[in-house]
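Trainee: I would like to learn how to read salt bridges and strands. Where do we start?

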Amino acid sequence: MRTSGYIFISSLLLLLTAMPLMAQSSKGTAEEESSFAFKGVSVGVDTYGYINTLFDDYVSSEVAVQANFGNRFFPVVEIGYGSTDTTDDMTGIYYKSGAPYFRIGMNYNFLYKKKGKLSGYKLYGLARYGWTKAEYDVKSPLITDPIWGGTTELDLTGIEASCSWFELGVGVQVKVWKIFHMGWSIRYKSRLKEGEGENSQVWYIPGYGENKSSGFGGTCSLIIDIPFGKNQ
(Lines give C-alpha, C1' and ligand atoms only; values in the text may rest on other atoms or scores of the structure.)
Protein backbone atom coordinates (compact mmCIF):
# COMPACT_ATOMS: atom_id res chain seq x y z
CA MET A 1 0.00 0.00 0.00
CA ARG A 2 2.83 2.42 0.78
CA THR A 3 4.53 1.86 -2.58
CA SER A 4 1.21 2.02 -4.44
CA GLY A 5 0.39 5.32 -2.77
CA TYR A 6 3.76 6.76 -3.76
CA ILE A 7 3.35 5.62 -7.39
CA PHE A 8 -0.14 7.15 -7.58
CA ILE A 9 0.96 10.51 -6.14
CA SER A 10 4.10 10.68 -8.30
CA SER A 11 2.18 9.70 -11.45
CA LEU A 12 -0.37 12.43 -10.79
CA LEU A 13 2.36 15.05 -10.30
CA LEU A 14 4.07 14.00 -13.52
CA LEU A 15 0.83 14.00 -15.49
CA LEU A 16 -0.28 17.42 -14.24
CA THR A 17 3.14 18.91 -14.93
CA ALA A 18 3.65 17.33 -18.33
CA MET A 19 0.24 18.21 -19.80
CA PRO A 20 0.86 21.97 -20.21
CA LEU A 21 4.38 21.27 -21.52
CA MET A 22 3.06 18.92 -24.19
CA ALA A 23 0.31 21.37 -25.11
CA GLN A 24 2.81 24.21 -25.55
CA SER A 25 5.13 21.91 -27.46
CA SER A 26 2.51 21.26 -30.14
CA LYS A 27 2.15 25.00 -30.76
CA GLY A 28 5.82 25.88 -30.95
CA THR A 29 8.11 25.92 -33.97
CA ALA A 30 10.41 22.92 -34.03
CA GLU A 31 13.98 23.88 -34.81
CA GLU A 32 16.91 21.48 -34.84
CA GLU A 33 19.82 22.25 -32.56
CA SER A 34 22.78 23.32 -34.70
CA SER A 35 25.06 21.09 -32.64
CA PHE A 36 25.37 19.04 -29.47
CA ALA A 37 27.58 21.70 -27.94
CA PHE A 38 28.25 21.68 -24.23
CA LYS A 39 25.89 24.20 -22.60
CA GLY A 40 26.61 23.83 -18.92
CA VAL A 41 25.97 21.70 -15.88
CA SER A 42 23.27 21.52 -13.24
CA VAL A 43 23.29 20.38 -9.63
CA GLY A 44 20.18 18.94 -7.99
CA VAL A 45 19.29 17.87 -4.46
CA ASP A 46 16.63 15.19 -4.01
CA THR A 47 14.08 15.94 -1.28
CA TYR A 48 11.95 12.81 -1.66
CA GLY A 49 14.42 10.71 0.31
CA TYR A 50 13.17 12.45 3.46
CA ILE A 51 9.51 12.48 2.43
CA ASN A 52 9.81 8.73 1.84
CA THR A 53 9.98 8.13 5.60
CA LEU A 54 6.18 8.54 5.50
CA PHE A 55 6.00 5.39 3.37
CA ASP A 56 8.99 3.24 4.35
CA ASP A 57 11.37 2.60 7.26
CA TYR A 58 14.46 4.11 5.67
CA VAL A 59 15.78 7.51 4.60
CA SER A 60 18.21 8.74 1.95
CA SER A 61 19.71 11.96 0.64
CA GLU A 62 21.45 12.48 -2.67
CA VAL A 63 23.00 15.02 -5.02
CA ALA A 64 22.87 14.76 -8.82
CA VAL A 65 25.27 16.45 -11.23
CA GLN A 66 24.45 16.44 -14.93
CA ALA A 67 26.02 17.94 -18.05
CA ASN A 68 23.97 19.51 -20.84
CA PHE A 69 24.78 18.71 -24.47
CA GLY A 70 22.54 20.55 -26.91
CA ASN A 71 19.66 20.55 -24.39
CA ARG A 72 19.17 16.97 -25.59
CA PHE A 73 21.60 14.59 -23.87
CA PHE A 74 22.29 14.87 -20.14
CA PRO A 75 24.91 12.48 -18.70
CA VAL A 76 24.21 12.17 -14.97
CA VAL A 77 26.06 11.12 -11.84
CA GLU A 78 24.06 10.67 -8.62
CA ILE A 79 25.74 10.25 -5.23
CA GLY A 80 23.81 9.68 -2.02
CA TYR A 81 23.64 8.10 1.39
CA GLY A 82 20.90 5.76 2.58
CA SER A 83 20.24 4.38 6.04
CA THR A 84 17.73 2.49 8.18
CA ASP A 85 17.42 1.71 11.88
CA THR A 86 14.24 -0.20 12.54
CA THR A 87 12.61 -3.12 14.35
CA ASP A 88 9.88 -5.18 12.70
CA ASP A 89 6.70 -4.97 14.79
CA MET A 90 5.61 -8.53 13.95
CA THR A 91 8.88 -10.50 14.11
CA GLY A 92 10.88 -8.33 16.51
CA ILE A 93 13.88 -8.49 14.18
CA TYR A 94 16.16 -5.45 14.45
CA TYR A 95 17.98 -4.19 11.36
CA LYS A 96 20.44 -1.34 10.97
CA SER A 97 22.40 -0.26 7.91
CA GLY A 98 23.88 2.84 6.30
CA ALA A 99 26.14 3.39 3.29
CA PRO A 100 26.82 5.67 0.33
CA TYR A 101 25.51 4.71 -3.10
CA PHE A 102 26.27 5.74 -6.66
CA ARG A 103 24.34 5.90 -9.92
CA ILE A 104 25.48 6.82 -13.42
CA GLY A 105 23.34 7.20 -16.51
CA MET A 106 21.68 9.46 -19.05
CA ASN A 107 18.62 11.69 -19.44
CA TYR A 108 17.18 12.29 -22.92
CA ASN A 109 15.09 15.45 -23.31
CA PHE A 110 12.17 15.01 -25.73
CA LEU A 111 11.68 18.81 -25.84
CA TYR A 112 15.23 19.53 -27.01
CA LYS A 113 14.00 21.15 -30.26
CA LYS A 114 12.08 23.87 -28.51
CA LYS A 115 13.29 27.43 -28.20
CA GLY A 116 12.29 30.44 -26.16
CA LYS A 117 10.28 29.83 -23.00
CA LEU A 118 10.14 26.08 -23.51
CA SER A 119 13.93 25.78 -23.56
CA GLY A 120 13.89 25.83 -19.76
CA TYR A 121 11.49 22.88 -19.54
CA LYS A 122 12.27 19.21 -19.99
CA LEU A 123 10.25 16.05 -20.53
CA TYR A 124 12.75 13.22 -20.49
CA GLY A 125 13.42 9.52 -20.40
CA LEU A 126 16.15 8.20 -18.14
CA ALA A 127 18.39 5.20 -17.58
CA ARG A 128 20.66 4.50 -14.59
CA TYR A 129 23.09 1.92 -13.28
CA GLY A 130 23.41 1.87 -9.48
CA TRP A 131 25.86 0.30 -7.04
CA THR A 132 26.48 0.23 -3.30
CA LYS A 133 28.53 -1.62 -0.74
CA ALA A 134 26.91 -1.61 2.69
CA GLU A 135 27.44 -2.94 6.18
CA TYR A 136 24.48 -4.01 8.28
CA ASP A 137 23.57 -5.34 11.71
CA VAL A 138 20.72 -7.76 12.29
CA LYS A 139 19.42 -9.13 15.57
CA SER A 140 16.46 -11.34 16.36
CA PRO A 141 14.69 -12.41 19.54
CA LEU A 142 14.82 -16.05 20.66
CA ILE A 143 13.47 -18.35 17.95
CA THR A 144 12.13 -21.83 18.73
CA ASP A 145 12.99 -24.58 16.28
CA PRO A 146 9.59 -26.13 15.30
CA ILE A 147 11.15 -29.53 14.48
CA TRP A 148 14.02 -30.17 16.86
CA GLY A 149 13.02 -27.86 19.64
CA GLY A 150 15.39 -25.59 21.47
CA THR A 151 15.91 -21.89 20.90
CA THR A 152 18.42 -19.73 19.07
CA GLU A 153 18.89 -16.06 18.27
CA LEU A 154 20.56 -14.05 15.53
CA ASP A 155 23.11 -11.41 16.51
CA LEU A 156 25.27 -10.30 13.59
CA THR A 157 27.23 -7.04 13.35
CA GLY A 158 29.13 -5.36 10.52
CA ILE A 159 28.13 -7.81 7.78
CA GLU A 160 29.29 -6.58 4.35
CA ALA A 161 27.36 -6.95 1.11
CA SER A 162 27.50 -5.21 -2.29
CA CYS A 163 24.54 -4.80 -4.64
CA SER A 164 23.90 -3.42 -8.12
CA TRP A 165 20.76 -2.57 -10.09
CA PHE A 166 19.43 -0.62 -13.10
CA GLU A 167 16.66 1.96 -13.39
CA LEU A 168 14.44 3.08 -16.27
CA GLY A 169 11.93 5.91 -16.02
CA VAL A 170 10.49 9.24 -17.09
CA GLY A 171 10.72 12.69 -15.59
CA VAL A 172 9.70 16.33 -15.86
CA GLN A 173 11.69 19.46 -15.07
CA VAL A 174 10.08 22.90 -14.85
CA LYS A 175 11.61 26.35 -14.55
CA VAL A 176 10.85 28.12 -11.28
CA TRP A 177 12.89 31.29 -11.70
CA LYS A 178 15.79 32.00 -14.06
CA ILE A 179 18.34 29.23 -13.37
CA PHE A 180 16.29 27.55 -10.61
CA HIS A 181 14.19 24.48 -11.45
CA MET A 182 12.18 21.68 -9.88
CA GLY A 183 12.03 18.14 -11.18
CA TRP A 184 10.11 14.89 -10.63
CA SER A 185 10.81 11.39 -11.85
CA ILE A 186 9.27 7.92 -11.62
CA ARG A 187 11.64 4.99 -11.93
CA TYR A 188 11.29 1.26 -12.40
CA LYS A 189 14.14 -0.51 -10.58
CA SER A 190 15.42 -4.02 -11.12
CA ARG A 191 18.13 -5.71 -9.08
CA LEU A 192 21.12 -7.07 -11.02
CA LYS A 193 23.24 -8.52 -8.25
CA GLU A 194 22.18 -9.22 -4.69
CA GLY A 195 24.79 -9.24 -2.00
CA GLU A 196 24.33 -11.87 0.67
CA GLY A 197 26.00 -11.70 4.05
CA GLU A 198 27.05 -14.46 6.37
CA ASN A 199 24.01 -16.37 7.71
CA SER A 200 21.67 -13.57 6.63
CA GLN A 201 20.26 -11.66 3.69
CA VAL A 202 20.33 -7.92 3.01
CA TRP A 203 16.94 -6.35 3.77
CA TYR A 204 17.63 -2.73 2.76
CA ILE A 205 19.85 -1.67 -0.16
CA PRO A 206 20.95 2.01 0.03
CA GLY A 207 19.85 3.84 -3.12
CA TYR A 208 17.55 0.98 -4.15
CA GLY A 209 15.22 0.40 -1.24
CA GLU A 210 13.80 -2.82 0.14
CA ASN A 211 15.56 -5.87 -1.25
CA LYS A 212 13.12 -7.11 -3.88
CA SER A 213 13.79 -8.31 -7.42
CA SER A 214 12.12 -5.16 -8.78
CA GLY A 215 10.09 -2.19 -7.68
CA PHE A 216 9.35 1.50 -8.20
CA GLY A 217 10.90 4.66 -6.82
CA GLY A 218 11.37 8.27 -7.74
CA THR A 219 12.80 11.69 -7.01
CA CYS A 220 11.61 15.20 -6.25
CA SER A 221 14.53 17.56 -6.79
CA LEU A 222 15.54 21.20 -6.40
CA ILE A 223 17.91 22.10 -9.25
CA ILE A 224 20.21 24.97 -10.14
CA ASP A 225 21.74 25.46 -13.60
CA ILE A 226 25.29 26.63 -14.16
CA PRO A 227 25.05 27.88 -17.78
CA PHE A 228 27.88 27.83 -20.28
CA GLY A 229 27.68 30.16 -23.24
CA LYS A 230 24.40 31.30 -24.73
CA ASN A 231 20.87 29.99 -24.86
CA GLN A 232 20.95 27.78 -21.79
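**A salt-bridge network**

Mentor: Glu62, Glu78, Arg103, Arg128, Glu167, Arg187 and Lys189 are linked in a network of salt bridges. This is a predicted model: local features need pLDDT of at least 70, side-chain atom pairs count only at pLDDT 80 or more, and totals for chains, interfaces and linings use all residues. Residues are numbered from 1 along each chain as its sequence is written, and side-chain values use heavy atoms, leaving out hydrogens and water.

Trainee: What is a salt bridge?

Mentor: Side chains of opposite charge can pair when their charged atoms come close. The cut-off is a side-chain nitrogen of Lys or Arg within 4 Å of a carboxyl oxygen of Asp or Glu. The whole structure has nine salt bridges. In one of them, Glu78 meets Arg128 at 3.2 Å, N to O. Glu78 is in strand β3 and Arg128 in strand β5, 50 residues apart. Strands are DSSP runs (E, at least two residues), numbered from the N terminus.

Trainee: Is Glu78 buried or exposed?

Mentor: Buried means under 20% relative accessible area, exposed over 50%, partly exposed in between (1.4 Å probe, protein chains only). Glu78 is buried, at 3%. Arg128 is buried too, at 5%.

Trainee: Which side chains form a salt bridge with Glu167?

Mentor: Arg187 does, at 2.9 Å, N to O. Arg187 lies in β9 and Glu167 in β8, so the pair ties together parts 20 residues apart in sequence. Lys189 also bridges to Glu167, with the closest N and O atoms 3.9 Å apart. Both Lys189 and Glu167 are buried.

Notes: Helices (H or I, at least four residues) and strands (E, at least two) are DSSP runs, numbered from the N terminus.
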